[in-house]
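This report is meant to be read alongside the sequence and the coordinates. It takes up a few elements in turn and sets out how each one sits among its neighbours.

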Amino acid sequence: MWWGGRGQSFNIAPQKEEPEMGSVQESRMLEPRSRQPSSCLASSCLPGEQILAWAPGVRKGLEPELSGTLICTNLRVTFQPCGWQRNQDTPLSSEYDFALVNIGRLEAVSGLSRVQLLRPGSLLKFIPEEILIHGRDFRLLRVAFEAGGLEPQAFQVTMAIVQARGRSSQAQQYVGITPSKAGQGSGSRKPPIPLMETAEDWETERKKQGARGWRVSTVNERFDVATSLPRYFWVPNRILDSEIRRAFGHFHQGRGPRLSWHQPGGSDLLRCGGFYTASDPNKEDIRAVESMLQAGHSDVVLVDSMDELPSLADVQLAHLRLRALCLPDSSVAEDKWLSALEGTRWLDYVRACLRKASDISVLVTSRVRSVILQERGDRDLNGLLSSLVQLLSAPEARTLFGFQSLVQREWVAAGHPFLTRLGGTGVSEESPVFLLFLDCVWQLLQQFPADFEFSEFFLLALHDSVRVPDTLTFLRNTPWERGKQSGQLNSYTQVCTPGYSQPPAGSSFHPQLSVWDWDLRYSSAQILQFQNPGYDLEHCPDSWLPRTQPSFLVPGPPSSVWLFSRGMLTPLNQLCPWRDSPSLLAVSSRWFPRPAISSESLADQEWGLPSHWGACPLPPGLLLPGYLGPQIRLWRRCYLRGRPEVQTGLSAPVISGLQDELAHLQELLRKWTPRISPEDHSEKRDTNTILNPMEIAGILKGRAGEHLG
């Protein structure tokens with residue numbers, strides 16, 4: 001993948017290697033034989049991949065232009081430059097690949113005026129001189145075809161792409177790559193991070209978080225409680241599995257309350273689905289529900305995850321508008337581009353997510369309490385908010401290992417419907433909630449660059465990995481479907497969950513690769529760029545507050561139950577019942593004995609602090625991001641990759657780009673300077689140990705002089 005913009009470009013270098021011979025079934029479209037693909041093209045195919053058509057061409061739009069071959073297979077479209085061979089050490093991807101499911105728009109061009117938008121089932125009306133492939137990940141592949149008797153091949157490869165897109169879906173495209181097929185030895189290869197597929201993984205993570213009052217439940221080991229839940233999850237020690245089974249029946253799709261994160265000071269962050277209104281509050285299992293929600297705390301806060309956040313349809317519409325705006329041929333005038341960006345509402349939704357996550361972080365870190373995130377389906381916004389709260393509150397979640405583990409636990413294992421949300425099922429429930437989350441993380445990385453061990457390049461790699469057919473990580477809706485596809489579930493109890501299709505039956509067991517196997521897709525030099533060079537080791541979890549000393553938290557009010565909605569805490573008489581309605585936690589007025597206790601900010605209520613923290617230090621490890629006006633930015637390196645002329649930084653063609661880079665580096669230097677608490681004013685850090693701005697300015701001025709010369 002090519003990552004232009006500020007900083008280094010992130011390219012896969014051509015490899016001078018002898019290709020391995022592979023057996024590839026070729027399409028009859030490629031007659032005569034003299035024009036069939038050579039063995040060097042066939043050697044780049046994955047197991048089960050078939051070449052459908054190919055044509056010589058020139059990659060345009062990026063410098064330098066490259067001559068090569070455009071190839072369409074049953075899995076992807078790839079451009080292979082002349083003399084380039086796929087690196088056998090990283091066989092699964094390259095910067096030139098476009099998975100068929102990643103193609104968002106396909107255009108054929110002839111001359112200056114003939115442009116045809118090709119949809120699945122379209123018939124090409126002319127022989128194209130160029131085709132433009134717009135990726136859903138905002139990349140652009142523009143290929144011009146060579147003349148001189150090769151026009152039929154240009155027509156054939158274009159039609160092959162159209163037909164392959166029409167026949168394909170994410171569910172059908174998964175090719176079942178195993179470590180042995182990828183040339184990585186036997187299937188006993190240890191995954192890079194815990195995949196949370198075994199009880200041992202959950203127990204290890206529980207001990208790491210210090211959640212002594214919780215245990216790993218095996219009640220869903222055969223997926224007979226809920227197919228969308230993981231096989232294992234955390235529940236309070238004193239709750240029996242028989243009680244859990246009955247209690248979870250009162251929640252939408254059986255997604256009852258489970259622990260997401262145990263805060264070192266003693267608070268617990270839980271998540272659950274919507275509560276069924278037909279439940280009888282006098283039943284014994286309802287009292288078990290209340291006990292699970294309280295989690296041993298006297299202070300309980302219910303949070304409506306959907307309150308003040310966009311709906312799934314809103315997120316999808318905003319993303320479509322953003323992608324249309326960032327196309328190279330966008331019709332929006334330059335002087336109206338920023339207003340059009342605001343009109344997409346994408347940045348507004350990023351802002352809303354960060355604001356709500358900040359409020360929940362305050363709730364979790366200000367008192368010893370149980371905070372429950374509740375969303376009707378418990379599979380979208382709950383995962384987004386829970387993940388952001390942990391990033392804001394837990395330094396270990398900001399490490400490279402910790403962040404990958406967080407995504408695996410709160411999104412993959414928790415049953416986020418990746419396949420549906422990314423448009424792989426053909427139903428009208430597409431909504432890139434996970435991509436919205438990655439944008440929120442990028443905003444945090446910009447505001448707190450010294451607090452994160454991973455870099456923007458890592459976020460881009462993760463962003464671009466959601467639509468690759470190599471792994472099952474993002475290609476299924478539930479852990480049950482993922483396990484059946486990989487053959488891990490040899491025996492199971494079939495449960496019919498409305499709205500979810502039956503996964504294809506697995507045959508024999510073959511350990512599958514996960515998206516975290518980066519070394520199969522990126523070179524060692526690229527993986528090194530996943531590390532943030534500005535990461536401050538003082539923020540390493542080992543130097544954080546010991547878990548055995550939760551002295552900065554105080555107990556909440558005795559026997560208090562609160563509803564957190566629209567930035568305010570409202571007291572409730574009891575936890576149940578609440579109504580499953582469009583606002584989810586909307587409660588009859590009889591449950592509100594008095595109005596909200598304050599109209600001030602949540603931070604004012606919890607700490608008695610001024611709205612802008614002033615000289616008071618934040619609780620250890622807590623980040624509170626800004627989300628007003630220009631504090632929320634456009635992720636240029638991601639969304640404007642199809643428009644390299646507007647990227648700035650090391651690849652900028654004019655001196656203004658170097659000036660922008662200098663301003664950016666000076667801003668990073670200011671942010672990397674650690675926050676000084678009132679008692680540490682005398683111990684200011686020497687910023688020259690991080691970056692010397694005079695040296696940076698000298699280097700950039702020298703480069704600018706070379707550029708002008």
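This is a predicted model: local features need pLDDT of at least 70, side-chain atom pairs count only at pLDDT 80 or more; totals for chains, interfaces and linings use all residues.

**Strand 3 and its partners**

Strand 3 covers residues 76–81, and because 6 of its 6 residues are buried, it is largely enclosed by the rest of the structure. The cover extends to both faces, with Arg76, Thr78 and Gln80 buried on one side and Val77, Phe79 and Pro81 buried on the other. Strand 3 pairs with two strands that are compared below, and in each pairing a pair of facing residues can be named: Phe79 is the bridge partner of Leu70, while Thr78 stands opposite Asp97 of strand 4.

| Pairing | Sense | Bridges |
|---|---|---|
| Strand 2 (residues 66–73) with strand 3 | antiparallel | 5 bridges |
| Strand 3 with strand 4 (residues 97–99) | antiparallel | 3 bridges |

**Helix 2**

Strand 3 is also among the elements against which the buried residues of helix 2 pack, the others being strand 1 (51–60), strand 2, strand 5 (103–110), strand 7 (130–135) and strand 8 (140–145). Helix 2 itself runs over residues 151–167, and its 17 residues reach 25 Å from the first C-alpha to the last, which is close to the 24 Å expected at 1.5 Å a residue. Its buried residues include Val157, Met159, Ile161 and Val162, together with Gln153, Thr158 and Arg165.

**Helices 9 and 13**

Elsewhere in the chain, helix 9 (residues 346–366) packs on helix 13 (residues 433–447) at an angle of about 70°, and their axes lie 10 Å apart. Since angles of 65 to 115 degrees count as roughly perpendicular, the two helices are therefore described as roughly perpendicular to each other. On the side of helix 9 the contact is formed by Trp346, Tyr349, Val350, Cys353 and Leu354, which meet Leu435, Leu436, Asp439, Cys440, Gln443 and Leu444 of helix 13. The residues of this contact divide into 9 nonpolar, 1 polar and 1 charged.

**Cys638**

Cys638 belongs to helix 18 (residues 636–639). With a relative accessible area of 0%, Cys638 is buried, because the cut-off for that term is under 20%. Leaving aside residues up to four places away in sequence, Cys638 touches Asp137, Phe138, Leu460 and His463. For Phe138 the separation is 500 residues in sequence, yet in space Phe138 and Cys638 are 6.9 Å apart, C-alpha to C-alpha.

Notes
Residues are numbered from 1 along each chain as its sequence is written. Side-chain values use heavy atoms; hydrogens and water are left out. Buried means under 20% relative accessible area, exposed over 50%, partly exposed in between (1.4 Å probe, protein chains only). Helices (H or I, at least four residues) and strands (E, at least two) are DSSP runs, numbered from the N terminus. Two strands pair if DSSP finds at least two bridges between them. The expected span of a helix is 1.5 Å times one less than its number of residues. Contact means heavy atoms within 4.5 Å. Axes are lines fitted to C-alpha atoms, for helices over the stretch in contact, and angles run from 0 to 180 degrees between N-to-C directions. Angles under 35 degrees count as roughly parallel, over 145 as roughly antiparallel, 65 to 115 as roughly perpendicular and the rest as oblique. Ala, Val, Leu, Ile, Met, Phe, Trp, Tyr, Cys and Pro count as nonpolar, Asp, Glu, Lys and Arg as charged, and the others, Gly among them, as polar.
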